[in-house]
Amino acid sequence: MTTVGDEQSAQTSPAGGKALDVDRLREDFPILDQELSGQPLVYLDTAATSQKPRCVLEAIACYYENDNSNIHRGVHTLSARATAAYEAARETVRSFLGAREAAEIVFVRGATEAINLVAGSFGRAKVGEGDEIVVSEMEHHSNIVPWQILCEESGARLRVAPIDERGELLLEELEKMLGPRTRLVAVAHVSNALGTVNPVREIARMVHDCGAVLLVDGAQAAAHLALDVRELDCDFYAFSGHKTYGPTGIGALYGKSELLREMPPWQGGGEMVLSVSFEETIYNEVPHKFEAGTPNVAGAIGLAAAIDYLAGLGIESVRRHESDLIAYSEEALLAVPGLSLIGRPRDKCAVHSFVLDGIHPHDVGTILDGEGIAIRTGHHCAQPTMKRFGLPATARASFGIYNTRADIDRLVAGLDRVHEVMG
Ligand code: PLP
């Protein structure tokens, strides 16, 4: 019997793109080779965290087995090797993001910490009473709460650019909100709850026309889209390693060098200083000024391995593969009785949020888990987005390079099972 999923191997790749050899690359992800509830695992929760290829696991193990040492401060060989590997990882991230200088890349724990750093440093220095920060209605809590804290502390006002029923940002409304009081605009490159890809270049033009700066939350974009921060012309770009096939506890903040140099330090401690006395402390150069304390050296090395892995596949091929999965799954999901997709943006990336008539998303997730299928249910840390659609929660299937059309067929079969169980 031929299932729809089998047709994928017969598909020719779109012009100009090299088709991913997904069967082959799945072998690079040891975790995928297991059964859950007696069924082969189908992992559809990459937006929460991606799985890690073996080369990332090996890079981390190799570092700890051979080079582990504290960086920058040591004169011995291990410290020199660890420092070189850490700074090489910074260069890998620079190239991945298309930044001009490695000094524009600050290693952080992830997108959340990157955004808090900008709110705590740029915000503290540049945002005051009566100023305005603008976010959109599709933001993750990580790109809302740091700005709320800043507004509470500074007397600034948080404004929210609305989205439409498709889940697209209303650009004219955003533009109307921008003015002489706007200091910073913070938007997702890709929405984690809706999959919407925002037109960052166009937003950057509007933001710069009013003299403000643009922070882009790239947590959901970095593993899926070709990135070039200079082309996007954003001032800050934040992403997390663990959503980009790298380890947890590492991510990066890109900041234009002139901004980073002007910004005050965020956290104080070792490494971010050149000299300390009780009379005067002199801060280190960027990016070290923003990296207080011992950093996650192994994490940075693992992240660089993940970026090299993605680059080896070719981001254009990744985008084509995932676009195919999005189109295929949209059609398949819409054929499921009682299913509504939440958010139908014209440019969508790697995520489908949906609800089933009369069935709570948590029940959907629990029954699918019993079928060996991992999806996410809840508000996805985007409660204002849920509110916009009048929902407390959705079910969310999200894709990565290792997913196939057959995984989507399993999801659809699983949703039939949900209907059977829930009557
Ligand atoms: N922004 C978006 C759009 C996200 O999806 C997430 C995580 O789901 C974050 C920020 C926060 O990322 P992290 O928890 O890795 O800091």
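View 1. An oxygen atom of the ligand lies 2.5 Å from an N or O atom in the side chain of T112. For H140, the distance from a side-chain N or O atom to an oxygen atom of the ligand is 3.3 Å. At D217, a polar side-chain atom sits 2.5 Å from a nitrogen atom of the ligand. A polar contact here is a pair of N or O atoms within 3.5 Å. On its own the ligand has 400 Å² of accessible area, and the protein covers 85% of it (Shrake-Rupley method, 1.4 Å probe).

This is a predicted model, with pLDDT of at least 70 needed for local features and 80 or more for side-chain atom pairs, while totals for chains, interfaces and linings use all residues. Residues are numbered from 1 along each chain as its sequence is written, and side-chain values use heavy atoms, leaving out hydrogens and water.

**View 2. The shell around the ligand.** Look for G110, A111, T112, H140, S142, N192, D217, A219, Q220, S240, H242 and K243, which surround the ligand (a heavy atom within 4 Å). This shell divides into 2 nonpolar, 8 polar and 2 charged residues; Asp, Glu, Lys and Arg count as charged, and Gly is among the polar ones.

View 3. D45 and R396 meet through their side chains in a salt bridge, 3.6 Å from N to O (a Lys or Arg side-chain nitrogen within 4 Å of an Asp or Glu carboxyl oxygen). D45 is in the loop between strand 3 (42–43) and helix 3 (54–66), and R396 is in strand 17 (residues 394–398), 351 residues apart. Helices (H or I, at least four residues) and strands (E, at least two) are DSSP runs, numbered from the N terminus. The whole structure has 27 salt bridges.

**View 4. Backbone details in two loops.** V286 and P287 are joined by a cis peptide bond, with omega about 5 degrees. P287 belongs to the loop between strand 12 (281–283) and helix 11 (297–313). D233 is not a glycine, yet its phi is positive, about 60 degrees.

Key. Polar contact = N/O pair within 3.5 Å; in protein donor to acceptor, adjacent residues only side chain to side chain.
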